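This briefing takes up selected features of the structure shown below, grouped by topic. Please keep the sequence and the model open while reading.

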Amino acid sequence: MKAIDYESRIPNNVDLGGDRRLQRALEKWQPAFLDWWGDMGPEGFQGNDVYLRTAVSTDPGGWANFGHVKMPDYRWGIFLSEAERDRVIPAGDHAGKPVWQTVPGEFRNQLRRIIVTQGDTEPASVEQQRWLAKTAPSLMDMRNLFQVNVEEGRHLWAMVYLLHAHFGRDGRDEADALLERRSGDADKPRILDAFNQPCPDWLTFFCFTMFTDRDGKYQLGSLAESAFDPLSRTCRFMLIEEAHHLSVGELGLERVMRRACELMKEDPNGDVRDNGGIDLPTIQKWINHWFCYSLDLFGSEISSNAADYFSTGIKGRWREAKDYTDHSCINEVYQMDVVRDGKVTVEEVALRNAMNEVLRDDYVKDCERVVKRWNKAIAAEGVDFTMKLPSTKFFRRQGIYAEHAFDPEGNLITHSEYEANVANWLPTPEDREYVDSLMIAVTEPGKVANWIAAPKRGINKQDFGFEYVRV
Ligand SMILES: [Fe+2]
Ligand SMILES: [Fe+2]
């Protein structure tokens with residue numbers, strides 16, 4: 001295993017110095033990245049010291065170093081997980097054959113599209129979140145935001161490295177274009193819809209890191225099972241970083257729920273909003289919105305592209321190599337809910353064509369695990385309320401359910417029934433305005449905004465009162 005080289009201009013563990021041409025090309029891209037960070041990275045605080053972790057090795061145990069750094073001095077670099085010896089293709093028609101170290105010509109376009117689409121989400125989320133530090137509910141939350149932001153920047157590096165190293169001229173052009181698109185821009189939007197949505201408040205940020213970053217976890221997981229080994233190794237290391245982003249969302253939401261419960265107990269006859277908190281039904285609406293938006297990112301339920309990616313070995317299922325014995329899936333079927341003649345019925349779909357749905361199922365299970373923990377936390381406060389994930393058919397804008405109306409339980413309803421009830425299910429303009437009114441920065445160490453509970457644990461064994469950002 002090569003150690004991370006921090007002497008080079010671009011920290012890396014891929015022996016970049018051994019390939020001068022590649023090194024020069026990436027060193028040309030680096031100032032453009034830093035310009036992008038200056039323009040589109042977090043607004044303000046660029047000159048402040050932030051308690052950030054930096055990768056020092058790619059070993060899952062003890063890989064990071066913590067210390068105060070100014071964000072522009074963060075060492076964005078190229079880190080791949082250690083190569084697995086004698087790794088074979090995990091899935092599809094070529095399962096069991098040696099993995100590819102270079103891109104096979106016949107899969108070049110598909111692989112490039114996948115890498116560009118993944119790469120595009122990374123800077124997009126930084127752009128979506130760029131105003132949030134100004135309303136951070138505590139210094140630790142602000143630090144977590146910045147940690148997520150710098151690592152999404154690093155994930156962009158991870159994809160740009162693959163484009164530069166394996167896709168020649170086209171790859172370099174795509175790497176440039178990744179810095180040119182802008183989240184929410186009318187002319188040059190980011191590729192995927194969820195990444196063009198605004199992230200105006202911290203409840204949204206926690207939902208985004210809980211649900212949308214978790215989609216990222218599953219996309220990266222399926223690419224970690226790719227026959228293209230450099231992609232697999234890249235994604236495996238990204239997954240290690242991603243775990244923290246998910247915990248920011250999960251624990252952030254839990255703290256908003258706990259605070260709502262505290263306010264309910266302090267003033268049993270009062271209204272949580274009158275006491276400056278975010279009531280549980282409002283949190284549920286945000287969950288409904290972001291869970292469903294993130295479901296769309298998995299692609300259509302029945303998809304010939306998904307079948308192609310699986311059969312060629314470009315993608316595998318979540319934990320394909322570890323959890324499955326049949327890696328071919330040919331002649332297997334998936335029982336899919338479809339709408340026929342105004343009714344939901346079950347139809348058999350070729351399993352390979354249902355691979356997006358298979359991955360979505362794993363994602364939903366993972367989300368359900370977290371919802372159970374939230375409900376435990378609510379019950380521990382003595383409050384009688386249960387958070388729920390809506391049905392995967394509810395509020396979809398893509399896929400086979402998009403043109404129909406469903407309620408959060410998954411019942412097929414008319415569009416007018418939907419319109420009559422949607423204000424109970426999804427954030428209304430008034431809800432957004434209320435949540436927005438709470439967004440006022442708290443920057444004194446150890447203090448926290450009224451609408452969210454203090455975290456139970458600090459970062460890297462530091463106290464909550466630690467100066468996570470020197471403001
Ligand atoms: Fe990422
Ligand atoms: Fe992330």
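This is a predicted model: local features need pLDDT of at least 70, side-chain atom pairs count only at pLDDT 80 or more; totals for chains, interfaces and linings use all residues.

Tyr161 counts as buried, because 27 C-beta neighbours lie inside 10 Å of it, against a cut-off of 20 or more for that class.

**Helix α3 and its neighbour α4**

- The C-alpha atoms of Tyr161 and Ala177 are separated by 14 Å, the two residues being 16 residues apart along the chain.
- Helix α3 packs with helix α4, which covers residues 168-178, at an angle of about 155°, and the axes of the two helices are 7 Å apart.
- Because angles over 145 degrees count as roughly antiparallel, α3 and α4 are therefore described as roughly antiparallel to each other.
- On the α3 side, the residues that meet α4 are Leu156, Val160, Leu163, His164 and His166, while on the α4 side they are Gly171, Arg172, Glu174, Ala175 and Leu178.

**The three-stranded sheet**

- An open sheet is formed by three strands in the order β2-β1-β7, with antiparallel pairing; its edge strands are β2, residues 64-70, and β7, residues 469-470, each of which pairs on one side only.
- Helix α3, which runs over residues 139-166, packs on this sheet and touches β1 and β7, and the direction of the helix makes about 40° with that of β1.
- Strand β1, comprising residues 49-55, pairs with β2 in the antiparallel sense over seven bridges; Arg53 has Phe66 in β2 as its bridge partner, and Tyr51 stands opposite His68 in β2.
- The antiparallel pairing of β1 with β7 extends over two bridges, and here Val50 stands opposite Val469 in β7.
- Strand β1 is mostly covered, since five of its seven residues are buried.

**The β3-β4 hairpin**

- Strands β3 and β4 pair in the antiparallel sense over eight bridges, and Met336 stands opposite Glu347 in β4.
- The two strands form a hairpin with two residues between them, and Asp341, in the turn, has a positive phi of about 50°, although Asp341 is not a glycine.
- The loop that holds Asp341 lies between β3, residues 333-340, and β4, residues 343-350.
- Asp341 counts as exposed because it has 5 C-beta neighbours inside 10 Å, where the class requires 12 or fewer.

**A further positive phi**

- Lys461, a residue other than glycine, also has a positive phi, with a value near 65°.
- Lys461 is placed in the loop between α12, residues 429-437, and β7, and with 8 C-beta neighbours inside 10 Å it counts as exposed.

**Helix α6**

- Helix α6 has 38 residues, numbered 229-266, and reaches 56 Å from its first C-alpha to its last, which is close to the 56 Å expected at 1.5 Å a residue.
- Of the 38 residues of α6, 28 are buried, and the helix is accordingly described as mostly covered.

Note on methods
Residues are numbered from 1 along each chain as its sequence is written. Chains are lettered from A and ligands numbered from 1 in the order in which they are written. Two strands pair if DSSP finds at least two bridges between them. Helices (H or I, at least four residues) and strands (E, at least two) are DSSP runs, numbered from the N terminus. Two residues are in contact if their C-beta atoms, placed from the backbone, lie within 7 Å. Axes are lines fitted to C-alpha atoms, for helices over the stretch in contact, and angles run from 0 to 180 degrees between N-to-C directions. The expected span of a helix is 1.5 Å times one less than its number of residues. Angles under 35 degrees count as roughly parallel, over 145 as roughly antiparallel, 65 to 115 as roughly perpendicular and the rest as oblique.
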